Amino acid sequence: MALSLPVAASARSLDGGIEAASDDIRAGISWSGGRASASADARFDLTVFDASLRVAALRGAPRHAGADVLADVAVGRDWSLGAVTLRTEAIGHIFGGASRHMDFGELALGARYGLGPVRLAATAWYAPRQSTIGGDNLHLRLAADAGLPGLPITLLASAGYTTGSGDDARTARLRPGGDYADWKIGAEYSRYPLSIGVDYVGTDIALARLKASPFADPSGIGDRLVARVRFSF
């Protein structure tokens, strides 16, 4: 909260929302122990850059040493290059209620392009070597979405790949079975301020590949349907 107060005072615009989902999925794996999660977020559009805050319930997730809540704090900027928009961002992940220090940070670089109702994006997230994740971590993602003509429905699809280094037990937080691929397909119905979506997510992680680590959390691995509802403001 202390971070957001001076930002809001000079913000040109503010938007956000509250959301409930049957699971909190990041890069194809559950961050909430395979259980439902609620979250709230806000984004401040500033003169030069933007800042955002998202707080989500993790419900004692083993992946994050029993953390009950997560705060994602990010500062970023868009760079227009004609039809392509570049995005740079610094993100901090702060975990509350964990049995040990689990916070980590990462950097993101992405590009997006729109063609009629279709939007394409490519993004890389890199977490430099940190003890809380057992090494470093790189996640690459391609995504596309398209609105159906005349309908408030958007179709979404994405695929990702996660890799990194390190042999500490905490590498299982972000790579439970080593390097892996993940995918998502979904649909979203939106009538402002309400949106309802459902996603099918999966990975190629085999349970037999899971590392012998308390952070691997097999309950958060495997294909699943995720339902979500959001109220924006």
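Colleague: How many salt bridges does a search of the whole structure find?

Modeller: This is a predicted model, where local features need pLDDT of at least 70, side-chain atom pairs count only at pLDDT 80 or more, and totals for chains, interfaces and linings use all residues. Residues are numbered from 1 along each chain as its sequence is written, and side-chain values use heavy atoms, with hydrogens and water left out. A salt bridge here is a side-chain nitrogen of Lys or Arg within 4 Å of a carboxyl oxygen of Asp or Glu. Searching the whole structure gives 17.

Colleague: R224 and D23 meet in a salt bridge. Which parts does the pair tie together, and how many residues apart are they in sequence?

Modeller: The N to O distance is 2.8 Å. Strands are DSSP runs of E, at least two residues, numbered from the N terminus. R224 lies in strand 14 and D23 in the loop between strand 1 (13–21) and strand 2 (25–26), so the parts tied together are apart in sequence by 201 residues.

Colleague: Is D23 buried or exposed?

Modeller: Buried means under 20% relative accessible area, exposed over 50%, partly exposed in between (1.4 Å probe, protein chains only). D23 has a relative accessible area of 5%, so D23 is buried.

Colleague: Where in the chain do D145 and R119 sit?

Modeller: Their side chains meet in a salt bridge, 2.8 Å from N to O. The pair links distant parts of the chain, 26 residues apart: D145 is in strand 10 (residues 135–147) and R119 in strand 9 (residues 118–130).

Colleague: Which residues are linked with D78 and R87 in a network of salt bridges?

Modeller: D78 and R87 meet at 3.2 Å, N to O. D78 is partly exposed at 32%, and R87 is buried at 16%. The network also links R43, D50, E89 and R112.

Colleague: Which residues is F231 in contact with, leaving aside neighbours within four places in sequence?

Modeller: F231 is in strand 14 (residues 224–232). F231 has a relative accessible area of 41%, so it is partly exposed. Contact means heavy atoms within 4.5 Å. By that rule, the partners are G16, G17, I18 and P193.

Colleague: What radius of gyration does the chain have?

Modeller: The radius is taken over C-alpha atoms, and the globule rule is 2.2 Å times the number of residues to the power 0.38. For 233 residues, a compact globule would come near 17 Å, which agrees with the chain's 18 Å.

How values were computed: Helix = DSSP H or I, 4+ residues; strand = E, 2+ residues; numbered from the N terminus.
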